[in-house]
Amino acid sequence: MSYAIQAEGLVKRYREHTALAGVDLAVPAGSIAGVLGPNGAGKTTAVRILATLLRLDGGRASVGGFDVSRQPVSVREIIGLTGQYAALDEEMTGLENLALIGRLLNMSRRSARARAKELLDQFELSDAGGRPAKGYSGGMRRRLDLAASLVGRPQVLFLDEPTTGLDPHSRNQVWSLVRSLADEGVTVLLTTQYLEEADRLADRITVIDQGRVVAEGRADELKRRTGGQSLQVRTSLPVDMDTVAGILTELVGRAPHRDEESNLLTVPVEDPVVLSTLVRRLDAAGVVADELALRLPSLDDVFLALTGRTTDTEERPTAAPAKEGSLA
Amino acid sequence: MSTAAVAPARSGSRPGNMVRHGLVLAGRSVGKIRRSPETLLDVTLQPILMLLMFVYLFGGAIAGSTDAYLQLVLPGLMVMIALTASLGTGFALSQDISKGVFDRFRSLPIARSAPLVGAVLGDIVRYAVSLAVLLGFGMLLGFRATTDPVSVLLAALLVIAFGLSICWLSVLLAMLVRSPQAVMGMSMVVIWPLMFGSNIFAPTETMPGWLQAWVNISPITQLSDTARGLMIGGEVAGPLVASLLWMAGLLLVLFPAASWAYRRRLSQG
């Protein structure tokens with residue numbers, strides 16, 4: 001497999017503080033990689049090293065086959081970077097911001113403007129393109145910033161917390177833009193604090209905490225690794241809850257957690273086969289279920305389990321299935 | 001599958017490109033001035049206020065009459081303007097860095113020095129505008145150059161060249177100090193003694209000996225004398241040589257120091 005981004009043992013130290021203590025990353029070309037971690041985990045440092053903005057103190061990294069330390073200019077020719085804070089010139093209009101980047105990429109005045117217009121269209125900013133960026137909303141700024149990193153049609157795109165501080169609507173817009181870029185063959189590395197974001201977008205997720213990789217894999221792998229699945233039944237009528245609880249206890253061998261307000265019963269299971277048995281038993285008992293699901297633990301649970309051990313001395317319960325979110 | 005795979009020609013950072021990218025970025029600062037002229041307020045309003053204040057407040061006391069003082073102080077104020085306008089270079093760079101605009105530039109295949117070159121070149125326009133305002137307003141108040149237009153133009157060019165050599169001081173400060181506001185504060189501390197420790201505002205003979213010793217060699221004094229010579233007559237050659245020596249010396253010390261601080265700041269990310 002060809003990797004667009006490869007990093008081995010990345011180390012970055014600031015005086016006494018070690019921001020990265022040996023991070024490995026391998027991102028296949030054309031895929032979306034998520035780097036997940038709390039504030040101060042080292043996500044931004046890793047991105048800045050890969051985007052040649054920071055020198056590394058140990059290890060090595062290559063982007064598109066170019067070494068970030070020895071061939072930084074070649075790396076810059078194939079990457080796009082959208083930092084945590086919108087890197088826009090507030091006084092300039094959206095169009096001018098994008099055209100400036102085009103000019104710096106040696107496009108002619110005319111083709112820089114054409115490319116800028118094309119991107120404004122693609123990012124639904126055509127109407128605002130003639131206004132100074134300082135009047136843009138948070139979501140518009142993000143989109144313009146993202147557009148600015150795409151002027152040169154990069155092969156590898158770095159997005160540092162692309163949706164931090166955005167409302168759900170703008171977040172969805174950014175997500176679908178990122179997905180369509182990946183569909184076009186762009187390799188994307190995005191950092192995020194949001195588990196949902198990593199879960200939705202990333203093909204593979206690297207969880208980092210305190211400058212170290214604590215887990216790596218596909219979202220479902222990570223979920224499976226940290227905890228068992230759980231079975232959820234939501235009854236139509238509150239009176240059926242006792243019956244269902246009885247059946248579940250009998251099948252799984254332990255009493256389910258009951259949420260009386262939403263008629264939801266949840267119980268951890270080892271063997272997914274119980275699901276079909278459960279369906280037959282509910283049918284036989286004449287109980288109507290609104291919802292019947294086998295759930296992996298959420299990435300929230302995974303994250304808590306993975307980082308909880310290293311950040312806190314206090315023991316935390318692993319992947320408690322008691323409070324499953326009602327999303328999805 | 002590969003809908004957007006065609007990469008445009010990006011020819012990396014050759015020396016010719018450094019100049020071109022510097023010019024593109026200089027165009028950015030100039031465009032900013034055009035779009036929001038209020039950013040020029042500090043460099044346009046300041047000369048006007050200074051002129052009014054010094055001429056009408058102190059003119060009579062220092063030179064006997066406001067008209068005589070205007071003739072003396074205006075060429076000196078031109079130097080002062082270059083000095084204060086040069087602060088803007090560091091401030092603007094510091095702002096670009098703290099806002100993340102620099103990160104974007106640095107992720108592009110352009111020379112690392114291009115943003116610096118662009119900022120400094122763009123400032124020439126700021127110097128020119130504020131000098132024009134000062135001269136125009138001065139003439140309105142009754143200033144008359146007694147030499148020829150070419151000499152006046154030469155004085156203006158010399159003052160701009162001085163601005164370009166001293167602006168590296170503000171770049172140096174901007175790279176060493178983190179916030180744009182702190183840059184402004186620090187610069188004032190350096191600039192004010194330089195500005196008033198000169199013969200811009202008062203004749204050197206009236207000062208105590210220890211101050212005269214400095215004022216006589218101060219670059220600001222030398223430049224003011226050159227500008228006076230070029231605009232209202234008087235010795236030019238001596239102060240001109242001293243001014244050029246000062247400018248070369250400042251460049252020789254400040255430019256490498258500022259470049260070092262710039263590279264250091266960027267590598268700290």
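1. A residue is called buried if 20 or more other C-beta atoms lie within 10 Å of its own, exposed if 12 or fewer do, and partly exposed in between, with the C-beta atoms placed from the backbone. By that rule N216(B) is partly exposed, because 15 other C-beta atoms lie within 10 Å.

2. Please keep in mind that this is a predicted model, in which local features need pLDDT of at least 70 and side-chain atom pairs count only at pLDDT 80 or more, while totals for chains, interfaces and linings use all residues. Residues are numbered from 1 along each chain as its sequence is written, and chains are lettered from A and ligands numbered from 1 in the order in which they are written.

3. Chain A contains eleven helices and 14 strands, where helices (H or I, at least four residues) and strands (E, at least two) are DSSP runs numbered from the N terminus. Its C-alpha atoms fill a box of roughly 75 × 45 × 35 Å along the principal axes, and 48% of the 328 residues in chain A are buried. Of the contacts in chain A with a separation of 6 or more, 69% join residues 24 or more positions apart; two residues are in contact if their C-beta atoms, placed from the backbone, lie within 7 Å.

4. Helix 1 (residues 43-50) of chain A is mostly covered, since eight of its eight residues are buried, including K43(A), R48(A) and L50(A). After helix 1 of chain A comes T52(A), whose phi is positive, near 65°.

5. In chain B, helix 11 (residues 237-268) has 32 residues and reaches 46 Å from its first C-alpha to its last, close to the 46 Å expected at 1.5 Å a residue, the expected span being 1.5 Å times one less than the number of residues. P239(B), S243(B), W246(B), M247(B), A258(B) and Y262(B) are buried in helix 11 of chain B, and the buried residues of this helix pack against helix 6 (114-141), helix 7 (149-176) and helix 10 (219-232) of chain B. F255(B) is also found in helix 11 of chain B, but F255(B) counts as partly exposed because it has 15 C-beta neighbours inside 10 Å. F255(B) and L169(B) are 86 residues apart in sequence, yet 8.1 Å apart in space, C-alpha to C-alpha.

6. How do the axes of helix 10 and helix 11 of chain B cross, and at roughly what angle? They come within 8 Å and cross at roughly 135°, which makes helix 10 of chain B oblique to helix 11 of chain B. Axes here are lines fitted to C-alpha atoms, for helices over the stretch in contact, and angles run from 0 to 180 degrees between N-to-C directions; angles under 35 degrees count as roughly parallel, over 145 as roughly antiparallel, 65 to 115 as roughly perpendicular and the rest as oblique.

7. The axes of helix 7 and helix 10 of chain B also come within 8 Å, crossing at roughly 165°, and these two helices are therefore roughly antiparallel to each other. Among the residues that meet are L154(B) and F162(B) in helix 7 of chain B, and L223(B) and M231(B) in helix 10 of chain B.

8. To return to N216(B), this residue lies in helix 9 (residues 209-217) of chain B and touches T204(B) and T221(B), not counting residues up to four places away in sequence. The C-alpha atoms of N216(B) and N199(B), 17 residues apart along the chain, are separated by 8.1 Å.
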